[in-house]
Amino acid sequence: MTRRVAVTGIGIVAPGGVGVPAFWDLLTAGRTATRGITLFDASGYRSRVAAECDFDPAACGLDDEQIATADRYVQFALAAAAEAVRASGLDLAAEDPWRVGVSLGSAVGGTTRLEHDYVLASASGSRWDVDHRRVGPHLERVFAPSTLASHVAEAHGAHGPVQTVSTGCTSGLDAIGYAFHSIEEGRADIVLAGAADSPISPITVACFDAIKATTANNDDPAGASRPFDARRDGFVLGEGGAVLVLEELEHARRRGAEVLCEVGGFATFGNAYHMTGLTTEGLEMSRAIDEALAHARADRTEVDYVNAHGSGTKQNDRHETAAVKRSLGEHAYETPMSSIKSMVGHSLGAIGAIEVVACTLALARGVVPPTANYEVPDPECDLDYVPRTAREMPLRTVLSVGSGFGGFQSAVVLRRTGAR
Amino acid sequence: MEPLLTFAELASLMSSRAGVAIDAAELERRSDSAFTELGLDSLGLLGIVGELENRHGSVPSGAEMCRTPREFVELVNQSMPAGA
Amino acid sequence: MDSPTKRRTALTGMGVVAPNGVGADAFWKATKEGVSVLDPISREGCEHLPLKVAGEIRSFDPASVIEGRYLVQTDRFTHLAMAAADLALEDARLDTADGSPFAVGVVTATGSGGGEFGQHELQRLWGQGPRFVGPYQSIAWFYAASTGQISIRGGFKGPCGVVASDEAGGLDALAHARRGIRRGTDAMVVGAAEAPLAPYSIVCQLGYDELSRSADPARAYLPFSADACGFVPAEGGAMFVAEEESAARRRGAPVRAVVAGHGATFTGTAGWERSREGLARAVRTALEDAACAPEEVDVVFADALGVPEADRAEALAITDALGPHGSRVPVTAPKAGTGRAYCGTALLDTAAAVLAMEHGVVPPTPGVTDVCHDIALVTGLARTAELRTALVLSRGLMGSNSALVLRRGDAPT
């Protein structure tokens, strides 16, 4: 008998939306949280716009030790996990801890703090033989990317399978997909799944400057992220974290939990094409969509909403439009497809999980979030991108897709319970 | 006037910035081949543009979109006379 | 398609890049002889650091095995992974030309990423300015670099993944590949290779209490002995070609071993004694998954951290999980002679376990003479034995425990 996987809690730290209510309010209002970078002095950089979180760890319930030892992106995950567990109504202390797992993604992990301490150790880049006496404490926990899942597992007493996933910008979708597999296959009953990244630092901004992947639209920070719009000129770097409580459906039903939706399917493929480049055809993303739908036993005509990767680079939005049309056929033209990156930016590995949380809310509340800033159509992007205004409509099956450096192409299908 | 960028210099940049070994004479002979056929990907060309920007202050826009060595060398030399 | 549980995972190719040898033959010769290659660190910029001994790979020339552009465009950890993947693919003689590109996936594990490349680019940024950061920084430093490059270079479009984990992630990557095969992928290129010995990478590791500060290569890493004083870090790892077993046998590929079972748990960072229960549970889960009785385990490749309380917890976990057999079964830790290459370590142990079963030889634990725990640690000389089933154990500094059961390739199913 197949084990089904329910979403019973969600938590989020997003730009302009710390906590589920603020996040949903931002999305449904179509407000943008992109602004000039404040986290460091970005005056010497090509792209000076970002989507930053106004995050107060203490206000989010983190304790002094977590604040002292956990890196910013880990704190996002801790806050989101606490919110998700609270919302799920689970008493994790009463669960078998060996059946509780954690699966979290991050694209760049602790690079922000690693860079900060590098500057100290190298006397601002002046020496290769860095001085170990100048760095701050707990740097080893920053260096190890698994610190992310480890911190969250320790906070919630999880003793089951605990993993950190790092597949670039599909990390969040993949971490949720693997968590889904681990419950389906019987390795765990409950998994805290999601992702976090806090990449707004000089080295990350500079490396995206170097490949002109980020926007140069510094004069209009609020309007800088323009997915699918003909004027788009690159993505806006973001940060944040999101965690979902995934739970075996019968386990959730036995305790009378509210089931927000089910994870129905997941698939990921490599494009074997280029580390950053995308084909114009979108064959591999299309295959991920097809497999995820098949896994969920959903026909393509049942897809009610596509949450796009929609990063706002020229090539991505074209690639993705082609992939969705290849998979959904004529139905693609009738299906709303929006990019919340227009509002919360692109937080690399975290964004996939943030988008799955957005999809969960969309399903539960019957509202499709819009693509903000969308005004000028691009002939190569000819689908319904839900311009600027959220749309109320009943939803039963939604698809979230992602694409990442390294060639990763992933898709997750969420369904209302009973939709299969 | 000396051109700002010669095929020899471009060959040297392809090697140092992208690890693509090609000798100057061959690059000049194959200057109408696509960069990708010569083993240089889009990131490699961006790296070369970045290096020229750092040396000369600026490089004409669109340089990173050039398909072939000849297009690239001509664009850079037309828009940026030596000594500029 | 067969039911998922019927799709077994065979290892048909192996590629090793280890401090004691590049290539499975060189690695096995050194491993069997119990040669230790731990040595003072020779990397530029590391002379003044309080970590004195490591396991460096000195016989690896990336230019001789991978195209020149990768030397500029990627980090050493990816060079090592690509070289190991090439060796594994060659060993498996996997011909993908006729098949669907979606039939082959890639999964790697890493706990350190492209640290040397990253340090160079950080130095450009902070020493010269943001416009001096090169375009390849965006694809060389991050943890997904090796999976992406191997996928692109080989044309592998199947499921691609990256386990960014502590040491135990090496075994988790093998388990991940096995799940991919169970779910319908024909073959996975799987493994890990690490290169954590750039100066700033070492600075980042100095906070580990478990790190050996000894300056004497012969005394620095002596797991399970009274002189245990921590572990020595290393670089390297191994890649494998994992294939659905019946397809591998149909094409006449040599099945070197079968990945029969896996278990993973987490017991956190608050004390190694907690890993006793976590590791024992991982072993029980792996044995159950493999339908393997404890008595069938013929050899154990231990995690062997070299920290007294961690060694004690592991020795107890082995007997907790295997019962009386646990104090009789040969246990070994070849890594005492190479150091621990983070996620690469358990892959090297897996390679050693496969080779040990093929040769009927348990390799020794280099350097260790006195064993102060109740396990049958193989020291001194290698021991001849009929080996059908091997158990590989791994624990990570962030709290993960993992166990893998391997069956010899010709063992009856």
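The structure is a predicted model, in which local features need pLDDT of at least 70, side-chain atom pairs count only at pLDDT 80 or more, and totals for chains, interfaces and linings use all residues. Residues are numbered from 1 along each chain as its sequence is written, and chains are lettered from A and ligands numbered from 1 in the order in which they are written.

Helices (H or I, at least four residues) and strands (E, at least two) are DSSP runs, numbered from the N terminus. Two strands are taken to pair if DSSP finds at least two bridges between them. In chain A, three strands form an open sheet in the order β3-β4-β8, with mixed pairing. Strands β3 (34-36) and β8 (237-238) of chain A stand at the edges with a single partner strand each, so one side of each is left without a neighbour in the sheet. The pairing of β3(A) with β4 (residues 49-51) of chain A is antiparallel and runs over three bridges. Within β4(A), A:A50 is the bridge partner of A:R35.

Residues are in contact if their C-beta atoms, placed from the backbone, lie within 7 Å. By this criterion, 66 residues of chain C are in contact with 67 residues of chain A. Elements giving two or more residues to the side of chain C that touches chain A include α5 (115-127), α8 (169-182), β9 (257-266) and α11 (275-289) of chain C. The most is given by α5(C), with six residues.

An automatic or database domain assignment divides chain C into domain 1 (4-250) and domain 2 (261-408). The C-alpha centres of these two domains of chain C lie 21 Å apart. Their contact takes 58 residues from domain 1 of chain C and 51 residues from domain 2 of chain C. On the side of domain 1 of chain C that touches domain 2 of chain C, α8(C) gives the most, with seven residues.

A nonpolar core is a set of buried Ala, Val, Leu, Ile, Met, Phe, Trp, Tyr and Cys residues joined through C-beta atoms within 7 Å, where buried denotes 20 or more other C-beta atoms within 10 Å of the residue's own. The largest such core has 330 residues, of which A:A77, C:A84 and C:V189 touch the most other members. At least three residues of this core come from each of domain 1 (4-250) and domain 2 (261-408) of chain C. Residues up to four places away in sequence not being counted, C:A84 touches C:G15, C:V16, C:V17, C:G191, C:A193, C:G237, C:A238 and C:M239.

Key:
Two residues are in contact if their C-beta atoms, placed from the backbone, lie within 7 Å. A residue is buried if 20 or more other C-beta atoms lie within 10 Å of its own, exposed if 12 or fewer, and partly exposed in between; C-beta atoms are placed from the backbone.
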